[in-house]
Each structure stands twice: as C-alpha cells, then as structure tokens.
Amino acid sequence: MLDSIKNVEATRKSRMGVLPARLSADDKTNLLAKFHPDYRKDMFTDLKIGPNKGEKVPLELAELLQGRSRVLDMDINVDNATYDVDVLVIGGGGSGTSAAVEANEAGANVLLVTKLRLGDANTMMAEGGIQAADKPNDSPAIHYVDALGGGHFANVPELLRKLVSDGPGAVKWLNELGVMFDKDADGTMITIHGGGTSRKRMHAAKDYSGAEIMRTLRDEVYNRGIQVVDFTSAIELLLDDQGRACGAVLMNMETGDILIARAKIVVLATGGAGRMHYQGFPTSNHYGATADGLILAYRAGARLLYQDTLQYHPTGVAFPNQIFGALVTEKVRSLGAQLVNKDGIAFIHPLETRDVTSAGIIRECNERMNGVRTPEGYGVWLDTPQIEEIHGVGTIEKRIPAMMRMYGKYDMDIRTKPILVYPTLHYQNGGIRVHPDGQSDIENLYIAGEAVGGIHGRNRLMGNSLLDIIVFGRNAGQQAGGKYKSVTPGKANLDHVKKFETERNGAGITTATPSPMLLPTYTHGRGDEDVAV
Ligand code: MEZ
C-alpha cells in the first residue's frame with residue numbers, strides 16, 4: 001500500500017487538470033455489460049408468483065418477495081385497532097417526514113410509525129447534496145435531460161418531469177424550514193457538479209447534507225405535534241373489502257407486540273435495500289434498509305418497476321476495515337480528487353455516471369489487476385490531497401469535514417494521503433410502480449422516497465435522491481391531505497396474505513424465511529437480544 005501511495009504522489013502534478021477521455025456510448029455499454037453487478041446473470045432469478053411474475057430480480061430480493069408472511073402464524077384481530085387515523089405514514093426518513101408534514105398541513109390526523117427512531121434512515125446518511133435547477137444558466141428542462149441520460153432513458157417521463165419541475169421549490173421549502181445550505185457571503189447558494197450533470201446544481205450542507213435536512217424535518221414533525229411511534233415496523237398492509245389500503249399490522253421491535261393501525265390513506269416511505277447486501281456487497285445504508293415496503297406492497301398486489309437495478313456507489317470505503325463500505329461522498333470527486341490505480345494513473349473521467357464509474361473500478365481491480373490489495377479485497381485510490389492543491393489549504397476541513405473526521409478516527413489524514421475506495425451498495429433504483437399522482441396500483445396506498453420505482457430509470461444521478469424524497473414525500477402528503485375527507489374505508493382484512501400463501505404453495509415455494517426482513521440477521525445477538533425479529 002505504501003509503495004503504491006508513492007506512485008500516486010509521483011504522478012499527482014502531471015495529472016492536475018488532465019482528465020481521462022470520456023467513454024463513447026458503445027464503450028460504456030460494453031463496460032457495464034461486462035463489469036456492472038446488475039448484469040451478472042447468475043445473481044438474478046425470475047419471480048414465480050405475484051404481479052411481476054416472470055420478471056428478473058436479485059436472488060436475495062426474490063427470497064423475500066416470495067417469502068412467508070410473518071402474520072400467518074399469528075392470531076390477529078384486525079378490528080381491534082390501537083390507532084385509527086386519517087393518514088398513516090410508514091417510515092421516518094426524509095420522504096415519510098415530508099409526507100407527514102404536508103398531510104398535517106392539510107388538517108389530517110397523521111400517525112408516523114418508524115422501525116427504528118425518527119430520522120434513522122438513508123436520508124440521514126446522505127452526504128453530497130440535493131440537485132435543483134435554480135441558477136440562471138440552468139433549467140428544469142436541462143436537469144431533465146441530464147437525469148434521462150443518466151437513467152439510460154428508462155425514467156418514467158411524468159415522474160421525472162415532476163422531480164425536476166418541483167426541484168427549485170423543494171430547495172426553497174427546505175431553506176425556509178431552516179436547512180443551513182452552503183452559501184456565499186452574499187447569501188447565494190453554492191452549487192457544484194456531480195457525475196452526469198451538465199450544470200452546477202448540487203446544493204449541499206458541507207458533506208452532511210442529509211443529516212442537516214433530516215434534522216430540520218424531524219424538528220418540523222415534532223414542532224407540529226405529529227404523533228410518532230418509534231421502534232415499530234409495519235409487517236403487513238391491511239386492505240378493505242374493496243381492495244383499498246386501510247392500515248397496517250404493526251410490530252413493536254422490542255417486545256414483539258402486535259398492534260393494528262387503521263387509516264383512510266397509507267403512505268409507504270420505507271426506503272431502500274442496502275442491508276440486503278446483494279451479491280455480498282457492503283453498503284452505505286442504515287440498518288433498517290431491508291426493502292420492507294416492496295415486500296408489503298407486492299404481497300398486497302402492487303407492481304414493482306426496475307426491481308432488478310441497484311446503484312453501487314463508486315466510492316465506498318475499501319480501507320480501513322472498521323468502516324468498510326461506508327460512503328465517501330461523490331463531492332470528494334466533485335472537488336477534484338481523481339480515481340487513480342495502483343500505478344498512479346487516472347483511469348476514468350470524473351463526470352461519468354455512477355454505474356459506469358463503478359464498472360470501471362471493478363474492471364481496474366478484477367480484470368486489469370491494477371487495484372491495491374486490501375484485507376477485504378481490492379481498492380483504487382481516491383487522491384484527496386488534490387483538493388487542497390486545487391482549492392487551497394483548508395478546503396477539506398471546510399467543505400468535507402465529515403470525511404475528514406471519519407478517517408481521522410483511524411489516524412488517517414485525507415488532506416495529506418489518498419484513500420482506498422471500491423463500489424458499495426448504495427441505492428435501489430427500482431421500487432414500487434406509481435402513477436403520476438404518487439399512488440401505487442392499490443387505491444389509497446401512496447409511495448414516496450426510495451421505495452418508488454421509475455423516477456430515476458436504471459441509474460440515479462447524485463443528489464436526485466434527496467430531491468425525490470422531498471418532492472414525492474410532499475406530494476404523497478398533499479395527495480393524502482386532499483383526499484382523506486372523502487374516504488370511508490370498508491371492512492379491513494388480510495385476505496391478500498392468505499391468497500399469496502396459496503400462490504406460494506401452488507408454485508411449490510416452501511421457503512420459511514420470515515418476510516419482510518426488518519433488520520439484517522447480523523444485528524441479532526450482538527447486544528441487541530431484545531430486538532423481537
Ligand atoms: O445522491 C447521492 O447518492 C449522494 C449525493 C451521495 C454522495 O455521494 O454524497
């Protein structure tokens with residue numbers, strides 16, 4: 001490792017301002033096909049049952065989507081409701097809290113349930129920033145074209161149009177709620193580039209943008225007196241006798257107690273799936289990211305979209321082991337740090353999209369054997385000292401202090417030495433299919449945030465996730481707030497669960513893995529024996 005650092009240092013001056021060539025469209029297609037994990041046929045299977053029967057999904061997700069419901073072995077009286085509200089929001093991250101705030105604003109009685117604590121979510125872990133086309137040289141139309149190209153032209157047009165059109169308003173809303181975005185001395189928002197962007201439209205709060213946004217939204221939920229129930233998972237949706245969503249079966253994560261929540265409208269905002277560790281990848285996600293919303297919605301009859309496409313963030317920590325897989329924000333590259341192989345050679349253009357960059361790193365390590373050996377495998381260098389050379393001494397501390405602190409804990413100074421990175425499982429590009437109003441195939445079931453499929457096509461651009469949780473979270477809350485008065489739910493039931501079990505039996509699926517997963521199994525028995533899952 002130390003010898004290789006010398007190569008990085010020796011080439012640094014000659015690399016300054018010199019960028020590797022952009023790849024042609026054909027080169028990108030070939031690179032992805034050969035090295036991106038989404039293209040590994042042996043890691044996917046076709047679903048045997050449910051609305052997406054016959055379609056490809058990762059093996060690990062198939063097991064849960066076709067898994068056995070936790071409620072089958074329970075004696076549950078769905079009429080014995082502990083909560084009876086207008087709007088039930090499931091999930092306490094950025095989209096769930098945005099939905100709760102807007103539904104509350106519309107006068108609804110809102111209950112928010114969350115598996116861990118309010119704010120324990122991928123939003124909190126987001127670092128680099130939030131895109132919004134609010135500068136004079138930019139427009140939602142340009143943002144649309146960037147995201148469409150990045151998404152391999154597979155984005156659902158109506159959803160992408162809403163994302164980019166509502167972007168400037170979303171950042172304004174957050175700013176007015178109190179998010180402390182990076183600003184110039186005159187108060188102008190500072191914006192930077194990300195992979196795949198043709199304009200500088202990334203707004204950030206240093207490199208803890210998500211934590212700052214989550215702090216503000218959490219305060220807003222508490223200030224409004226919205227009812228929040230922590231450490232409580234949804235383990236099944238309730239449908240009424242007309243097949244409309246009307247609540248959920250909840251489980252207290254500490255005691256295992258079962259509770260029933262009845263609602264006129266349900267918003268699913270359960271987030272991503274990094275803790276499924278697809279293909280054995282480490283993840284940048286929080287402990288609760290186990291695709292629960294997809295499982296519940298699927299069993300209730302909602303279609304998924306692009307459930308076979310995941311985002312591997314190019315720069316996960318490859319060393320030291322204690323933080324293996326943690327996120328090194330793309331902002332590090334936006335500020336000028338290059339990806340460099342063991343010989344000190346920059347091998348990929350900084351503005352390639354994440355899927356292409358990740359595939360490039362995997363090729364560099366696995367085929368060209370130009371990676372650096374680490375205890376867990378291989379990594380390539382991210383030449384962080386370049387940032388101080390380009391922007392001046394003190395920039396790292398000022399612009400990416402969280403990165404500096406994360407490495408500082410292990411006596412590593414990213415201002416003076418490069419760091420080793422390798423792709424980490426970061427985002428679920430696909431999810432539950434929604435209609436332009438944010439409603440799933442199930443009436444009165446709205447979806448928001450990472451659980452939605454289709455906004456980003458087959459590859460999301462940096463900063464469009466923090467944007468989508470706000471845009472589609474607020475949208476779900478506004479839709480629910482506009483509708484709840486006209487909804488009278490019928491008799492609640494779990495018939496869809498029994499029907500799904502019959503389908504499982506008919507297809508010869510005998511797996512007993514409890515579904516949804518709720519928490520990764522390695523969290524059990526590590527001092528948290530009280531967890532009921
Ligand atoms: O949108 C993201 O995933 C993001 C901004 C991540 C990052 O690199 O910081």
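A backbone N or O atom of Gly128 lies 2.6 Å from an oxygen atom of the ligand. Keep in mind that this is a predicted model.

| Residue | Atom on the protein side | Distance to a ligand oxygen atom |
|---|---|---|
| Gly128 | backbone N or O | 2.6 Å |
| His426 | polar side-chain atom | 2.7 Å |
| Gly463 | backbone N or O | 2.7 Å |

How much of the ligand's accessible area does the protein cover? On its own the ligand has 270 Å² of accessible area, and the protein covers 97% of that. As for where the ligand is, it sits in the largest cavity.

Now for the neighbours. The ligand is surrounded by a set of residues that includes Glu127, Gly128 and Gly129. Also around the ligand are His313, Leu327, Thr329, Glu330 and Arg354, and His426, Arg460, Met462 and Gly463 belong to the surroundings as well. What kinds of residue make up this shell? The shell divides into 2 nonpolar, 6 polar and 4 charged residues.

A quick word on the cysteines. How many disulfides are there? The count comes to 0, with a disulfide taken as a pair of cysteine sulfur atoms within 2.5 Å. Is Cys246 buried or exposed? Cys246 counts as buried because its relative accessibility is 0%, and the cut-off for buried is under 20%. Cys365 is also at 0% relative accessibility, so Cys365 counts as buried too.

Definitions and conventions
Residues numbered from 1 in each chain as written. Predicted model: local features only at pLDDT ≥ 70, side-chain atom pairs only at ≥ 80, totals over all residues. Heavy atoms only, no water. Buried < 20%, exposed > 50% of the residue type's maximum accessible area, 1.4 Å probe, protein only. Near = heavy atom within 4 Å. Polar contact = N/O pair within 3.5 Å; in protein donor to acceptor, adjacent residues only side chain to side chain. Areas by Shrake-Rupley, 256 points an atom, 1.4 Å probe, with all protein chains shown as cover. 1 Å grid on protein atoms, 1.4 Å probe; cavity = no way out; pocket = protein on both sides within 12 Å on 5 of 7 lines; lining within 4 Å. Sits in = over half its atoms within 2 Å of the grid points. Nonpolar A, V, L, I, M, F, W, Y, C, P; charged D, E, K, R; others polar.
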